Structures are given as structure tokens and as C-alpha cells.
Amino acid sequence: MAPDTSTQIHNIGYRSYDGARLGRGYARTSLFSQSLRGAFGLGRSAKSKVLPMILFAVMCIPALIIVAVAIAVPGSTELPIKYTTYALTTQVVIGLFLASQAPQSVSRDLRFKTVPLYFSRPVERVDYVVAKYAAMASALFILTAVPLLIMWIGSLLAKFDFGDQTKGFGQGLVSVFMLSLLFAGVGLVMAALTPRRGFGVAAIIAVLLIPYGAVTAVQGIAYSTGNAGAIDWMGLFSPITLIDGLQTAFLGATSAFPGGEGPSAGTGAVYLLVILGLIAGSYAALMARYRKAGL
């Protein structure tokens, strides 16, 4: 039988790579950097920069106003708002930032089926999830920590007590750090459930606002009926009230719960455990999601 001569090998000019193989660590760092920059529209089109930069400005402008008022009012000895209160006061802006940027971080890869291309390289599933999670948490931390930094610098310019202001600033940073980890995990899980960006945006807004509204309503009813003991436990069922309860118990914050009474240290430990559980659960859910998406 004559050999088949229809198969031919063509040299189409691809050159071999003789440089250094930078490996998983470099790829993971690059993915983190790209995702973090993308959260603020950097490296993307001008239109993509508009919303995150507007939201960042909206977060910072009230802090500048607070500082200006504190400096202008004679006899002021402290800022008109606590560092731990600022993020909860601007929770709508934080939610909008998360809802707009978490889907762009993960939904496009799912929609255009590029995840298997990532995993065909040295990048593994854990690298992808860690980089995306860390980038979104870092973006939220920058969004929430910069206004606190503005307030702290302003308080020093106003010659307020350095020790008190630095302590409050540190407590505020711990609060927004926990908020960033929790919100990033919840937001990325919701965004990763669907390749449709619009559905991801709606899901994130729903998971932040609906539980918060329900919990606030139930807490109000419990307070009005004299069942104050249930208020603290109701706070376990919403991401926003979880942060409120945690910082009230451990960071000297003023609670937004009805009556202004937040959880004690003992109940606060339960809040901390629930928050850590949600963070770990979000990471596990993302790992499970990308086990399927990477096929």
C-alpha cells in the first residue's frame, strides 16, 4: 500500500521562546494587578473609567467637607463623624462600586469562555481565584480607606489630639478591611454565577440591599415591641449589619441598630465567626465555580 503523502508540515514562521519562564507567581501577580487596575477603569477605555472614578470622588468629597467643617468651626476638638461610621454612611456608594466592578472582573471571562485559556498555562484554579478575590478586596479597601486617610490628615491639620485620632483611624481601617473582604467575596460569588453582566449587577445589589432592608425592618419591630434581645441576633443576617455589629463590639463604634445599642463582646465574637465563615465560604464557592468553568 502506497504511503499517504497528503499530510504536510508547513513552517509558518513561529519562533521559539528562549527567555526566562517566570512561572505561576508572576502570572498570579500580573492577574492581580490587571484586575485591580481594571476595577478603577485603568487600562480600559475612557468610558469604562467614568463610573468608578465618579464613585471614588463621591466617597472622598464628604470626607473633605467633614475636614473643612472641623477646621472652620472654632473650638472643635474632634471630627463630626467617627472613622468607623463613614463606610456605613456611604454604603450605597460602596454597593454600587461593587455591583459595577465585580461582574467586569469575572463575568467577561465566563461569557467569552477564556477561563480554560488561563488554566492551560501555569496559572491554576487557586491562582485565578486568589488573584481575583485579592484584587476586588484591595479595590474596595482603597475606595473605603482613602476617605479615612483624608479625615485623619485633616484632623492633624486641625491640631486635634494625635493619639485619639490615630486610634480612631486605626479602628476605621480594621473595619473597612473586614468590610472589603466580606463584600468582595459576596460580590464575586454573585457575579460568577452568571456570564451576563447585567444579571450579576442585579444579583449583587439584591444580596446587599434586600437582607439589609429586611433585617432593619425586623429590628425596628423588635425594638418597638420591647424585644430588644432579638435585635443583636437579627444583625447576623445581612452583610452590612454584620460589619456594624462587629465594629460596635470590638472597635468602639456607635451602632446604627435601633436604640443605638450594639452587640456585646460575647455576641460580637459570633459576628466575627459568621464574617470569617462567609469569607471562607465565598472562597470555597469560587473555587467550586471555577472547577466547572475551567473544563
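Which side chain meets K132 in a salt bridge? In this predicted model, where local features need pLDDT of at least 70, side-chain atom pairs count only at pLDDT 80 or more, and totals for chains, interfaces and linings use all residues, the partner is D109, at 3.9 Å from N to O. Residues are numbered from 1 along each chain as its sequence is written, and side-chain values use heavy atoms, with hydrogens and water left out.

A salt bridge here is a side-chain nitrogen of Lys or Arg within 4 Å of a carboxyl oxygen of Asp or Glu. K132 sits in helix 6 and D109 in helix 4 (residues 91-111), so their contact ties together parts that are 23 residues apart in sequence. Helices (H or I, at least four residues) are DSSP runs, numbered from the N terminus. Both K132 and D109 are buried, where buried means under 20% relative accessible area, exposed over 50%, and partly exposed in between (1.4 Å probe, protein chains only).

In total, the structure holds 4 salt bridges. Another of them pairs R24 with D127, whose closest N and O atoms are 2.8 Å apart. This pair links distant parts of the chain, with R24 in helix 1 (residues 23-39) and D127 in helix 6 (residues 125-157), 103 residues apart. R24 is partly exposed at 33% relative accessibility, while D127 is buried at 3%.

D127 also meets R28 in a salt bridge, at 2.5 Å from N to O. Here too, distant parts of the chain are linked: R28 belongs to helix 1 and D127 to helix 6, 99 residues apart. R28 is partly exposed, with a relative accessible area of 31%. Through shared partners, salt bridges join R24, R28, E124 and D127 into one network.

Conventions
Helices (H or I, at least four residues) and strands (E, at least two) are DSSP runs, numbered from the N terminus.
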